[in-house]
Amino acid sequence: MKAAILDGIVLGLAFGLLGVGMTLVYGLGGVLNLAYGQIAVLGAIVISVVMEKGVSTLLAVVVGVLAAAGVAVLLDLTLMRPVYRQHGEERTLMGLLLTLGAAFVIGGLLTWRYPVGALYINVSGEPISILGVPMAVGSIWASVIALAVGVVLLLFFGATTFGRGVRSVIQDETGARLVGINPSFVRTVIFALSGALAGIVAITHSMSGPLTVNAGFELTTFALIVAVVGGLGSVAGAFLAGVLLGIVNTLSAHYIGQYITSVILLGAAALTILIRPRGLLGR
């Protein structure tokens, strides 16, 4: 049981990063980016292809993260522009349809070009004992990276001028515009940040197991569940929900079976909507 909980924390930190990327975009523009998982997969395939050309892993990782961020910015500057001109339910529905279409396009192109593409970053080293449980070095490094990124994000949104500007747009876009903040520029930056986070998720995921070209919709589903449970617009909530759902995921897979795990996670999201619609730490 202890091993399952530790594995769940490792998985949950990756879930948290997924949820943060999804929840920030929704908080700023009221749009759920259903292409988010495919952006992560694209970053993974770029890293894999660059590594196959003999480039060092570190440089390949940088290229992959930049590629994921670049695709996210391209999505914001093209498909999202007509979406932001809409309001209310029209914006939400148009955003869902366009990002879903983008997800199919990105996923289809990747599957066509790299049908067996996958990313696995092998981190060598002897297992390290954590609370008496041997943990793979790759899993530990993935957790350290996720925690470090989480701390940087919390500091960024809580202690920097731009971070506070992002929070002001989330809370009151009209008021933020009146005090000189450009919501359009902020949204583009946050789309880039969400894409970079997707690339980092691909990296951390591949340190404990291969991330295949077909994993896009599964990652998007996890991101949606985490964002809903944690509270749309809350970075801390996304990480808290990610860890909790990661533990639930591994315990369920260990004691019940992997086939029922997704049902349990979706049930947790539905229960959150019924009992606490704003999520664990949402406002």
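Predicted model: local features only at pLDDT ≥ 70, side-chain atom pairs only at ≥ 80, totals over all residues.
**Surface, fold and second largest pocket**

User: Why does the protein chain count as being as compact as a globular protein of its length?
Analyst: The chain has twelve helices and four strands. For 283 residues, the globule rule gives 19 Å. The chain is as compact as a globular protein of that length because its radius of gyration is close to that, at 18 Å.

User: What share of contacts between residues at least 6 apart in sequence join residues at least 24 apart?
Analyst: Contact here means heavy atoms within 4.5 Å. Take the contacts in the protein chain between residues at least 6 apart in sequence. Those joining residues at least 24 apart make up 76%.

User: Which residues lie nearest the centre of the second largest pocket?
Analyst: About 440 Å³ of space lies in this pocket. Its lining has 25 residues. Nearest the centre are L11, F15, H205, S208 and N249.

User: Which element gives the largest share of that lining?
Analyst: Elements giving two or more residues include α6 (137-159), α9 (183-206) and α11 (235-255). The largest share is seven residues. They come from α1.

User: How many nonpolar residues does the lining of the second largest pocket have?
Analyst: Sort the lining by class.

Note on methods
Residues numbered from 1 in each chain as written. Heavy atoms only, no water. 1 Å grid on protein atoms, 1.4 Å probe; cavity = no way out; pocket = protein on both sides within 12 Å on 5 of 7 lines; lining within 4 Å. Points joined across faces, edges and corners; volume = space filled by probe spheres on them. Nonpolar A, V, L, I, M, F, W, Y, C, P; charged D, E, K, R; others polar. Rg over C-alpha atoms; globule rule 2.2 N^0.38 Å.
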